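Visitor: Hello! Could you help me learn to read this model, one feature at a time?

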Amino acid sequence: MLPKRLPLSSLLLTCLGLAAAPLAMAQAPAPAAPAQAAAGQPVNIEPRSPLHAQVLLDRANFSPGQIDGEVGSNQRRAVSGFQAARGLKVTGELDEETWQALQADSTNMLVRYTLTAEDVAGPFQPTPKGPAAQAQLKALGFGSVAEALGERFHASPDLLKALNPGVDLGKAGTTIQVPNIGGGALPKAAKVLIDKSDSTLQLLDDQGKVLAQVPVSSGSQHDPLPIGEWKILGVARDPTFHYNPKLFWDAKKGDSKQTLPPGPNNPVGVVWIDISKPHYGLHGTPEPGHVGKTESHGCVRMTNWDALRVADAVGPSLTVVMQE
């Protein structure tokens with residue numbers, strides 16, 4: 001949660017490059033060379049593989065969260081949402097009908113991308129532990145080129161390394177394979193629906209049709225999701241984070257109030273969508289691989305890329321329904 005409600009104008013800071021940067025990738029298919037996972041396991045890049053499904057779901061606006069090429073809970077949520085929206089039998093499994101519906105988008109699952117000088121320039125710095133140390137930095141930026149590229153291509157850094165074995169990701173001019181994700185804006189929503197039991201956020205049109213779905217972490221035993229109907233008050237991109245240990249049940253003894261700088265590794269990521277429930281909002285995260293799999297401090301946490309697209313699709317006074 002955001003520990004202190006402030007005017008949105010006081011939260012806005014200069015946008016930080018790669019997390020919100022437009023995609024610029026060649027649309028030629030990448031070579032179907034065998035990819036070795038970080039732990040030595042092969043990555044399946046065949047048609048109808050989990051990686052193929054995750055790319056197609058991402059492009060269809062049913063986000064699987066962080067693309068990792070492995071079947072997991074976020075993929076099943078995305079498949080179920082896609083099936084329901086397309087009038088298919090909802091199973092969460094990739095049956096023939098679901099593949100046929102997904103493959104209406106016949107785009108290649110992988111494309112080539114050439115690293116630019118800007119991509120590898122940094123500065124890259126590991127995020128220190130604890131709010132006091134984090135508050136000393138000018139920005140909570142990426143820790144590595146792989147992390148930055150992961151955000152840009154909605155992928156786990158380990159997947160990118162596995163797709164490009166032996167490749168130096170820190171060298172400008174290098175061409176790599178990346179997931180061929182979608183990049184267009186989401187349609188404007190008429191309502192936001194957050195389902196605690198399913199760990200999803202859906203954008204609905206004025207007829208109740210699902211326009212898009214993303215996985216979320218939403219609340220915990222100590223900080224439950226505020227069930228009910230709320231309104232969006234505004235959106236802050238690249239917000240600072242005002243840490244108050246009195247508002248966190250798990251704060252460490254000796255912690256003091258801190259103002260943490262903006263950046264993709266800020267506790268609320270690169271965007272904060274303020275709602276009418278004090279101290280609560282919809283926001284990004286520095287840990288995209290944890291979304292939908294861990295609890296939150298009551299707020300609704302998304303990957304940074306999903307949070308940015310949701311932020312562009314909503315506006316002030318829009319209704320946010322939070323349900324069990």
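Visitor: How much space lies in the largest cavity?

Guide: About 70 Å³. On a 1 Å grid over the protein atoms alone, a cavity is a set of points where a 1.4 Å probe fits but cannot get out, and lining residues have an atom within 4 Å of a point. Points are joined across faces, edges and corners, and the volume is the space filled by probe spheres set on them. This structure holds one cavity of 30 Å³ or more. Please keep in mind that the model is predicted: local features need pLDDT of at least 70, side-chain atom pairs count only at pLDDT 80 or more, and totals for chains, interfaces and linings use all residues. Residues are numbered from 1 along each chain as its sequence is written, and side-chain values use heavy atoms, leaving out hydrogens and water.

Visitor: Which element gives the most to the lining of the largest cavity?

Guide: Strand β7, with three residues. Strands (E, at least two residues) and helices (H or I, at least four) are DSSP runs, numbered from the N terminus. Both β7 (210–215) and α9 (304–313) supply at least two lining residues each. Among the residues lining this cavity are Asn61, His154, Gln213 and Arg309.

Visitor: Where does Asn61 lie?

Guide: In the loop between α2 and α3. Most residues other than glycine have a negative phi, and most peptide bonds are trans. Asn61 has a positive phi of about 70°, although it is not a glycine. As for peptide bonds, a cis one joins Gly122 and Pro123, with omega about 5°.

Visitor: At what angle do the axes of α2 and α3 cross?

Guide: Axes are lines fitted to C-alpha atoms, for helices over the stretch in contact, and angles run from 0 to 180 degrees between N-to-C directions. Here α2 (residues 50–59) and α3 (residues 73–85) cross at roughly 50°, their axes coming within 11 Å. The contact (heavy atoms within 4.5 Å) involves residues including Pro50 and Leu57 of α2 and Val79 and Phe82 of α3.

Notes
On a 1 Å grid over the protein atoms alone, a cavity is a set of points where a 1.4 Å probe fits but cannot get out, and a pocket is an open set with protein on both sides within 12 Å along at least five of seven lines; lining residues have an atom within 4 Å of a point.
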